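Please read it with the model open.

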Amino acid sequence: MTSGQPLFDRDAVSRNRARATKKGMFLQDLAKVEIEERLKDVNRTFKSPAIVTGHPEVWRNLFPHPKLVDDTEALDLEPNAHDVIVHAMNLHWANDPVGQLVQARHALRADGLFLAVLFGGQTLSELRTSIAEAETRIFGGLSPRIAPMGEIRDLGAVIQRAGLALPVADSFALKVTYATALDLMRDIRAMGETNALNARQKVFSNRNLMLETARIYQDNYADDDGRIFATFELIFLSGWAPDESQQQPLRPGSANTRLADALNTTELGLEGKPVRGGRNVKDEHDVNRD
């Protein structure tokens, strides 16, 4: 990769999505259901929603009359225009994910909600391992084939860096079974999620490599019925545009009630001795002052 070249080829991302089929939208549908549940938990009526998505046909009925926004590098969002923005299954293809969240933050009104769902780092871990082993056996080295994906501990920090308040990050992993690894690869194409790395080899995949990958996958990740399984991790991020009405954290040291008092129990210090008034209590002979 040349210096300064973006990680992802956004033209390739668009081409891959154009080849997606309705059959491949099952994970998009699942992500949408999970977002709907989170919106119900908020228990608020949103009047000016926006959805950032590469698959508007899946997401357009999440709200009545939402603004649908393509996930380009510069989002088509006006400042202070929306009370909720959903970033729907796109951030794992963003060259600047923090920038995407910052743009969403500026487009939110005070106390507006940001929600995002994306693939996480456990996604396709079995396929990554199988391809790497097959490529090493056949070619003696590795080439960029599957995009790196964010880990939940890192993505949680991204929410705060973008200036969103009350950040929350959670995830779940879904196991999907297939007859063979080749069926999995066809499904990834139907999802529109095939390789779009700028550093990828821009030629058709070697047939022997794909067959060896399928064989290794079958040997290592098949169930008792001979079906292989694939992991897809969905990560959900949420945060709010700051507002004075939101709950604020207390200043450190400002609490006037100890948890031990509220629970009617004895607090112990690091040495296993009782704590009074929030400080470790030592026997007088343990303290020596010159």
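1. Overall make-up. This is a predicted model. The protein has 290 residues, and 42% of them count as buried. Its secondary structure consists of nine helices and eight strands.

2. Contacts and surface. Take the contacts in the protein with a separation of 6 or more: 78% of them are accounted for by residues 24 or more positions apart. The accessible surface is about 16600 Å². Carbon and sulfur atoms hold 50% of that surface.

3. The main core. The largest nonpolar core has 43 residues. Ile35, Leu39, Trp59, Val86, Leu184 and Phe232 have the most contacts inside it. Strand S6, residues 228–240, gives the most to this core, with six residues. As background, nonpolar side chains in soluble globular proteins tend to be buried together.

4. Leu39 up close. Which residues does Leu39 touch, not counting those up to four places away in sequence? They are Phe46, Leu62, Phe63, Val84, Leu113 and Leu115. Leu39 is also one of the residues with the most contacts inside the largest core.

5. Asp111 sits in strand S4, which spans residues 108–119. Is Asp111 buried or exposed? Asp111 counts as buried because its relative accessibility is 18%, and the cut-off for buried is under 20%. Leaving out residues up to four places away in sequence, Asp111 touches Arg44, Trp240, Ala241, Pro242, Asp243, Ser245 and Gln246.

6. Most residues other than glycine have a negative phi. His65 is not a glycine, yet it has a positive phi of about 55 degrees. Leu124 is not a glycine either, and its phi is positive at about 60 degrees. Please look at both residues in the model.

7. Where those two residues lie. His65 is in the loop between helix H3 (56–59) and strand S2 (67–69). Leu124 is in the loop between S4 and helix H5 (125–139). His65 counts as exposed, because its relative accessibility is 78%. Leu124 counts as buried, because its relative accessibility is 8%.

8. The second largest pocket. What is its volume? The value is about 220 Å³. The pocket is lined by 15 residues, and the closest to its centre are Leu91, Pro97, Met149, Gly150 and Leu155.

9. Helix H4 (97–107) and helix H6 (152–161) each supply at least two residues of the lining. The largest share, three residues, comes from H6.

10. How many cavities of 30 Å³ or more does the structure hold? There is one. The largest cavity has a volume of about 40 Å³. Its lining consists of Gly24, Met25, Leu27, Gln28, Met89, Phe119, Met191 and Glu193. Five of the lining residues are nonpolar, two are polar and one is charged.

Key
Residues are numbered from 1 along each chain as its sequence is written. This is a predicted model: local features need pLDDT of at least 70, side-chain atom pairs count only at pLDDT 80 or more; totals for chains, interfaces and linings use all residues. Side-chain values use heavy atoms; hydrogens and water are left out. Helices (H or I, at least four residues) and strands (E, at least two) are DSSP runs, numbered from the N terminus. Buried means under 20% relative accessible area, exposed over 50%, partly exposed in between (1.4 Å probe, protein chains only). Contact means heavy atoms within 4.5 Å. Accessible areas come from the Shrake-Rupley method with a 1.4 Å probe; for residues, only the protein chains shown count as cover. A nonpolar core is a set of buried Ala, Val, Leu, Ile, Met, Phe, Trp, Tyr and Cys residues joined through side-chain atoms within 4.5 Å. On a 1 Å grid over the protein atoms alone, a cavity is a set of points where a 1.4 Å probe fits but cannot get out, and a pocket is an open set with protein on both sides within 12 Å along at least five of seven lines; lining residues have an atom within 4 Å of a point. Grid points are joined across faces, edges and corners, and a volume is the space filled by probe spheres set on the points. Ala, Val, Leu, Ile, Met, Phe, Trp, Tyr, Cys and Pro count as nonpolar, Asp, Glu, Lys and Arg as charged, and the others, Gly among them, as polar.
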